[in-house]
Amino acid sequence: MNTLIGIVAIVLIFVIVFQLAKTSELMGILKGDKEGDTSESTNNTHGFLMMFLMITGLIAVFLGWWLVEDKLLQGNRNFTPASKHGDSINSMFWITSIICGIAFVITQALLFWFSYKYRARKGNKAQHFSHDNKLEIVWTVIPAIVLTVLVARGIETWYEITADAPADARIVEVTAQQFNWTVRYPGSDSLLGKREFELISGENSLGIDWNDAKSHDDLMPTEIVLEKNKPVLFKLGAKDVLHSFYLTHFMIKMDCVPGIPTQFWMTPTHSTQEMRDLRGNQEFDYELACAELCGRAHYNMRFIVKVLETEQYNAWLAEQKPFYDAIKATLNPAPAAAPVEGAAPTEATDSATVTPAVENGSVGTEVESKKNVISSL
Amino acid sequence: MAELHNPAIEVGHDTHVHGHDHHHGHDDHGHHELNFIEKYIFSQDHKVIGKQFLFLGMAWAIVGGLFSIFFRLQLAWPDESFPILEWFLGSWAEGGKLSAEFYYALVTMHGTILVFFVLTAGLSGTFSNFLIPLQVGARDMASPFMNMLSFWMFVLSSCVMLFSLFIQTGPASGGWTAYPPLSALPQASLGSGLGMDLWLISIALFIVSVALGGLNYVTTVINMRTKGMDFFRMPLTVWAFFFTAIIGLLSFPVLFGAAILLEFDRLLGTSFFLSDIYVAGEALQHSGGSPILFQHLFWFLGHPEVYIIILPAMGIVSEVMSVHSRKPIFGYKAMVFSILGITILSFIVWAHHMFMSGLNPFVASIFVLFTLLIAVPSAIKVFNWITTLWRGSIRLNPAMLFAIGFVSLFISGGLTGIYLGNSTLDIQLHDTYYVVAHFHIVMGLAAFYGMFAGIYHWFPKMFGRYMNSSMGYVHFYVTLVGSYAIFWPMHYLGMSGVPRRYYDFSVFDQFNQYADLNKFITIAAIIVFAVNILFVFNFFYSIFNGRKVTVLNPYGATTLEWTTPIHPGHGNWVGEIPAVHRWPYDYSINGRDFIPQTEALGAGEVDDHDHGSDLPNAGSAIPGKH
């Protein structure tokens with residue numbers, strides 16, 4: 001009904017605009033408006049309107065920013081990135097914003113002001129001014145210099161961020177799939193066991209090769225837990241389609257690609273609790289999102305990331321049991337041989353590691369009902 | 001010349017100097033009369049083909065625009081039910097709610113339709129066809145028959161895409177970029193079934209259309225300029241169409257290759273783009289392929305594509321601005337060379353779409369350099385447009401307003417490109433709404449504004465009537481305010497980290513803060529869509545009922561299209577094609593308002609566009625040099 005009223009209203013406005021437009025065209029012809037030309041009064045009207053739009057527009061841009069500033073991450077003067085490299089990205093953002101902001105205001109102001117000032121009217125004659133080499137050199141060189149500064153600083157920061165991870169960085173392996181994440185930590189040997197996508201099955205969602213002894217102490221927790229101020233290297237992968245590992249508060253994004261390992265390292269600087277206090281929101285959590293379109297539930301791959309102080313982190317780590325311990329009983333024959341099909345999924349494993357999407361292997365709607373889907377679906 | 005052998009072209013046939021009825025009052029030499037089908041359907045007249053591209057482009061623009069309204073409704077009111085959606089989309093929107101699967105299909109189709117069918121075919125196809133022969137002084141394209149085929153390949157491509165909207169598994173839904181493995185695996189998504197096959201076929205046909213058209217544009221510009229029409233006497237429109245066609249010819253075939261290889265992966269089990277995949281409960285055989293290879297191939301077209309879209313708009317805007325400011329375009333040669341610079345650079349920036357794809361960081365840094373470099377020619381163009389207005393005598397008609405609006409949007413969207421082209425900032429902003437805001441403003445809206453400027457400006461030449469300018473003004477102001485209202489706030493969403501291509505934001509606390517803003521954006525989108533329907537109405541109404549053109553050159557423009565009859569027939573000029581004696585921007589010179597290109601140079605006069613500044617008392621003038 002509302003839609004109908006809306007459509008009727010729009011049609012009515014159309015009819016009115018059309019009638020007025022037709023009338024004004026006829027009036028113009030009667031008044032002797034030259035075809036292809038615009039009258040002085042028309043130019044005045046639109047000159048003033050353009051000027052008005054420019055001024056209100058520029059005000060709206062800054063007012064709008066000021067109104068939403070509290071909600072922003074970048075562009076928020078109070079924003080504290082949760083990672084070390086986030087600070088460099090943030091300062092790069094501010095530098096770029098100041099430069100672009102100045103260029104934006106000057107060029108928009110001139111554009112609309114000239115449109116107003118040089119509107120055709122009595123006493124205003126156009127001047128043949130075809131070019132001016134000095135002027136053109138000036139406005140080629142200035143942007144070139146400014147951009148060189150931005151490029152240099154940008155690339156320098158980029159190399160810092162993408163440099164090799166420190167040797168003491170902890171490794172966290174994250175594997176994406178439709179529509180979930182699987183996490184694996186190396187155990188006490190700091191090494192991850194081998195994986196092979198052909199070994200993936202309902203029970204072995206990552207295709208871990210249990211013959212590789214390095215896999216026996218690997219942990220597979222249901223959340224990503226990090227230690228504050230300790231560098232962490234995320235080793236990323238995907239099982240089915242492209243995904244992207246996106247931690248907005250840490251300013252990390254990296255695609256997860258089937259068949260091609262990718263990685264990203266960082267140092268978290270604020271624990272979850274610190275960030276909750278800082279943001280004045282005790283409900284706050286760091287969220288992992290998927291940033292590369294991966295199918296129908298792409299928007300629904302939320303995963304919690306926790307950053308703990310060192311003692312808390314160690315306590316958490318001590319609680320974790322190697323995944324292998326939980327499932328080795330089900331491996332038949334024992335680990336030395338090839339992994340086995342048909343073993344029942346153990347309830348001991350976590351739901352996150354054996355996801356419905358993979359078990360089901362279907363894209364039908366029933367998958368979604370098993371997930372923590374929002375009500376609106 | 002080729003057209004002399006073509007019976008469809010009879011010079012002077014059907015040309016009218018006074019704009020009276022088409023079918024009477026002509027001396028008949030007994031030659032072949034064109035029937036309706038030859039004249040309006042399978043026409044080989046570049047002007048008719050240009051209009052055909054425009055009509056089909058407009059139809060697609062309405063479809064693509066409507067799709068965006070549909071998915072904006074979902075984003076603004078995720079819990080609401082809209083019976084109108086079910087009416088339009090049937091089981092894809094059961095109970096008036098869009099399914100997630102179809103949401104992505106709509107997003108994909110919106111992108112594909114707008115980028116390829118509207119802003120490539122509808123913009124470059126329309127104006128390259130219509131204006132190149134008229135402005136360089138040719139009777140038609142180099143190969144009118146191929147030109148006709150180009151349009152009909154576009155029709156065929158359109159039919160395939162349209163058909164894909166009605167199949168059971170729905171159209172392609174993996175984004176307009178169609179990244180594999182998602183697009184290659186029917187198990188991974190409904191839209192990767194038959195819909196994806198049809199998408200690839202449609203795109204392949206479309207590329208054939210672009211190639212046929214592009215070959216014609218390039219050949220015509222190189223070979224068929226009239227006497228005296230040196231390269232540096234061509235209007236900037238022609239320069240822009242020329243470079244656009246070259247970019248298209250060099251880059252579209254790469255996408256053709258990518259599409260064929262992807263289809264091989266889908267149908268024949270090859271592994272160009274696939275490796276190590278476990279999906280739907282089984283490990284696939286594919287081995288050794290690289291999904292990133294597809295991204296390279298896709299963006300090798302995909303990035304030049306944005307210049308294919310924006311360059312014609314730049315050319316149109318340069319011409320419209322110059323005519324209605326009564327001034328030469330400032331820095332004509334700089335404009336030409338900046339188009340050339342953009343053309344070259346457009347081929348070496350593609351990987352800036354892939355900073356976060358796992359690309360080697362060193363390779364990424366090279367692409368940062370080239371990407372930000374492209375801001376230099378872009379900045380030159382902006383400054384030159386602004387200076388063109390300076391000390392002009394500006395007619396603020398709808399065409400001119402849209403041209404000014406174009407520059408405003410190009411500035412806004414261009415500056416955000418400086419953020420995104422910087423890989424450091426792209427880490428955070430990549431695939432967020434910041435990107436959506438950026439490319440919609442700089443390429444979507446700006447190109448649309450260029451198209452509107454061109455339509456309002458050349459409508460009298462196309463149809464012998466004027467569009468209603470009051471409706472044009474309403475169209476302009478609502479569109480300008482509305483389109484900024486839609487896309488400006490999206491920057492703020494992006495700066496808050498909100499990712500694009502999300503069906504529902506409520507899953508994440510961080511992304512779920514903008515319910516009101518999303519409603520605001522959707523309402524603005526509906527209003528802008530409505531006012532553009534008004535534009536379409538104005539367009540068709542004016543074809544039949546607009547104010548009639550009674551003079552040959554209503555704007556006082558210098559270029560050749562205004563020397564043709566009001567209703568030019570196939571062949572454009574009655575009698576000989578006029579020769580050209582000067583550059584196209586002699587406005588407000590020698591005490592005259594304008595001097596047409598066809599007027600011979602006076603005694604002692606030089607065609608002086610490449611000489612020093614002629615601004616009185618300009619200290620920076622370097623007379624006699626350039």
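**Reading the model**

Guide: Leaving aside its neighbours within four places in sequence, B:S202 touches B:F117, B:S157, B:V160 and B:M161, where contact means heavy atoms within 4.5 Å. This is a predicted model, in which local features need pLDDT of at least 70 and side-chain atom pairs count only at pLDDT 80 or more, while totals for chains, interfaces and linings use all residues. Residues are numbered from 1 along each chain as its sequence is written, chains are lettered from A and ligands numbered from 1 in the order in which they are written, and side-chain values use heavy atoms, with hydrogens and water left out.

Visitor: Where is the place of B:S202, and is B:S202 buried or exposed?

Guide: Buried means under 20% relative accessible area, exposed over 50%, and partly exposed in between (1.4 Å probe, protein chains only). B:S202 has 0% relative accessibility and therefore counts as buried. Its place is in helix α6 (residues 194-223) of chain B; helices (H or I, at least four residues) and strands (E, at least two) are DSSP runs, numbered from the N terminus.

Visitor: How is the packing of two helices read, for instance that of α2 and α14 of chain B?

Guide: Axes are lines fitted to C-alpha atoms, for helices over the stretch in contact, and angles run from 0 to 180 degrees between N-to-C directions. In chain B, the axes of α2 (residues 46-76) and α14 (residues 433-463) come within 13 Å and cross at roughly 145 degrees. The contact is made by B:K51, B:L54, B:F55, B:A61, B:R72 and B:L75 of α2(B), together with B:Y433, B:F448, B:I455, B:M462 and B:F463 of α14(B).

Visitor: Which classes of residue make up the contact of α2(B) with α14(B)?

Guide: Ala, Val, Leu, Ile, Met, Phe, Trp, Tyr, Cys and Pro count as nonpolar, Asp, Glu, Lys and Arg as charged, and the others, Gly among them, as polar. By that scheme, the contact has nine nonpolar, no polar and two charged residues.

Visitor: Why is strand β8 of chain A described as largely enclosed?

Guide: Five of the five residues of β8(A) (residues 286-290) are buried, so the strand is largely enclosed by the rest of the structure. A:Y286, A:L288 and A:C290 point one way, and A:E287 and A:A289 the other way.

Visitor: Which backbone features deserve a look in the loops?

Guide: A:M251 is not a glycine, yet has a positive phi of about 60 degrees; A:M251 lies in the loop between β5 and β6 of chain A and is buried, at a relative accessible area of 0%. B:N590, also not a glycine, has a positive phi of about 50 degrees, but counts as exposed at 54% relative accessibility. The peptide bond from A:Q178 to A:F179 is cis, with omega near -10 degrees, and A:F179 is found in the loop between β1 and β2 of chain A.

Visitor: Finally, how many residues of chain B are in contact with chain A?

Guide: In chain B, 152 residues are in contact with 125 residues of chain A. Buried area is the accessible area (1.4 Å probe) that two parts lose on being put together, summed over both. The two chains bury about 12,000 Å² between them, 66% of it on carbon and sulfur atoms.
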